[in-house]
Amino acid sequence: QAQQQRNLDNIVSQQPRISGGKKSKKEFSASSELEVKNTSPMSEQDSGILDVEDEDEEEEVPGAQDLVDFSPVYRCLHIYSVLGARDTFESYYRKQRRKQARLVLQPPSNMHETLDGYRKYFNQIVGFFVVEDHILHTTQGLVNRAYIDELWEMALSKTIAALRTHSSYCSDPSLVLDLKNLIVLFADTLQGYGFPVNQLFDMLLEIQDQYSETLLKKWAGVFRNILDSDNYSPIPVSNEEVYKKIVGLFPFQDAELEKQPFPKKFPFSEFVPKVYGQIKEFIYACLKFSEDLHLSSTEVDDMIRKSTNLLLTRTLSNCLQNVIKRKNVGLTELVQIIINTTHLEKSCRFLEEFITNITNVLPETVHTTKLYGTTTFKDARHAAEEEIYTNLNQKIDQFLQLADYDWMAPEPGSRASDYLVDLIGFLRSTFAVFTHLP
């Protein structure tokens, strides 16, 4: 029911409500992931969530009293009351239920491996408190609010400790995301019964840092593959269609290039549009986590910008530096890397706009984090320039070490030595490559 309520809220916030049409229960059950059979819905006296349902629906959603037989409890309470020993039964009942709560709150050891492990754990806890809530409302004083609140306090601290431990083992970002949705659902359900759940949302912000880390690890692999498979030569375009496709993937405008006839070449190589596209994918992945966390748009924006800065300055930066420092990297590759990073740096303002569009927070706002990740591209360029310098010097040294040249000319000839001719030939072809440099 909490899930249905959330789906309804999302529908309401995304589009104007179709006149008088509530979704039918059958449609809901298709979209609901939470197995109703494992969670007892709330007692009818406290139906905060039940208002979602249509009153005239013929099939009733089963309540706690339909799924659990409470008669033994009522019978005992009646017998003890008649015998005048009601207090004895009350303390016995509470003691037994405390023990039961401790059992329910023990997480299974392999809970972190699948989403079902977490779901089962949450269902047990929800079930326990739904039953206590029903007892609270159907018996006079067998349990009271203070006793339930005390149990909830214990449950909350134990659940949060268990989640902290288990979620830290998780390295798959999509599982962390599913877990987040499950925790939000768990919190919403118990909030419907009047339990305070703020601590769960606070803990989700911790899990979020860990989610960011798993994303960064995943994207490090993505960037490595892109850089390793690149051919480091400008992208050739044979027709308008290909040209439009690449401009659609990467924000590039050049009036000069547009005027040129086909076939023509973009100045950058394949990795530019690919890396740019992956940065946008990463931003979407960050946004997914922040949904339903009751955060303001500035907080969401801030979070996304911080994570994106880390992606640029840590993950992408390391990948670029590794490519530049590779043993077999040639001068043409280095020149292409310098050109590529120049274009990626220029595209950062489009990434700023992209973030602004999805969070609706203007980057001029006082509190927003700037995308300072552009330094990544500057650093990569400096590193590539250093490498070019070192490579050139090494090559010239190698020329001097070659034994093929006759270093002892008997008398001055009319032409330069073979050594100089070759060296100048080499430098000429090398500097031809440099003409593309900004």
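**Close-up views of the predicted model**

**View A. Arg326 and its salt-bridge partner Asp228.** In this predicted model, Arg326 has a relative accessible area of 33% and is therefore classed as partly exposed, since that class lies between the buried limit of under 20% and the exposed limit of over 50%. Arg326 forms a salt bridge with Asp228, and the closest N and O atoms of the two are 3.1 Å apart. The pair links distant parts of the chain, with Asp228 placed in helix H9 (residues 198-229) and Arg326 in the loop between helix H13 (297-324) and H14, a separation of 98 residues. Asp228, for its part, also counts as partly exposed, at 49% relative accessibility.

**View B. Helices H14 and H15 packed against each other.** Two packed helices are described by the angle between their axes and by the distance between the axes. For helix H14 (residues 331-359) and helix H15 (residues 375-401), the angle is about 165° and the axes lie 9 Å apart. Angles over 145 degrees count as roughly antiparallel, and H14 and H15 are therefore described as roughly antiparallel to each other. The crossing in which H14 passes H15 is left-handed.

**View C. A salt bridge between Glu345 and Arg381.** The side chains of Glu345 and Arg381 meet in a salt bridge, with an N to O distance of 2.7 Å. Because Glu345 lies in helix H14 and Arg381 in helix H15, the pair ties together parts that are 36 residues apart in sequence. Glu345 counts as buried at 18% relative accessibility, and Arg381 is likewise buried, with a relative accessible area of 15%. Elsewhere, salt bridges that share partners join Asp301, Arg305 and Glu352 into one network.

**View D. A salt bridge between Lys274 and Glu270.** A search of the whole structure finds 15 salt bridges, and among them is the one that Lys274 forms with Glu270, where the closest N and O atoms are 3.9 Å apart. Lys274 is partly exposed, with a relative accessible area of 38%, and Glu270 is also partly exposed, with a value of 34%.

**View E. A cis peptide bond between Phe262 and Pro263.** Most peptide bonds are trans. The bond that joins Phe262 and Pro263, however, is cis, with omega at about -10°. Pro263 is placed in the loop between helix H11 (255-259) and strand E2 (264-265).

**View F. Positive phi at Tyr232 and at His294.** Most residues other than glycine have a negative phi. In accessibility the two are classed apart, for Tyr232 is buried, with a relative accessible area of 8%, whereas His294 is exposed, with a value of 59%.

**View G. A nonpolar surface patch of Ile79, Tyr80 and Leu83.** Together, these three residues have about 300 Å² of accessible area in a nonpolar patch on the surface. Ile79 is placed in helix H4 (residues 71-82), and with a relative accessible area of 44% Ile79 is partly exposed.

Note on methods. Residues are numbered from 1 along each chain as its sequence is written. This is a predicted model: local features need pLDDT of at least 70, side-chain atom pairs count only at pLDDT 80 or more; totals for chains, interfaces and linings use all residues. Side-chain values use heavy atoms; hydrogens and water are left out. Patches are made of residues with over 30% relative accessible area and no salt bridge: like charges are joined within 9 Å, nonpolar side chains (Val, Leu, Ile, Met, Phe, Trp, Tyr) within 5 Å. Accessible areas come from the Shrake-Rupley method with a 1.4 Å probe; for residues, only the protein chains shown count as cover. A salt bridge is a side-chain nitrogen of Lys or Arg within 4 Å of a carboxyl oxygen of Asp or Glu. Helices (H or I, at least four residues) and strands (E, at least two) are DSSP runs, numbered from the N terminus. Buried means under 20% relative accessible area, exposed over 50%, partly exposed in between (1.4 Å probe, protein chains only). Axes are lines fitted to C-alpha atoms, for helices over the stretch in contact, and angles run from 0 to 180 degrees between N-to-C directions. Angles under 35 degrees count as roughly parallel, over 145 as roughly antiparallel, 65 to 115 as roughly perpendicular and the rest as oblique. A crossing is left-handed if the near helix is turned anticlockwise from the far one by less than a right angle, and right-handed if clockwise.
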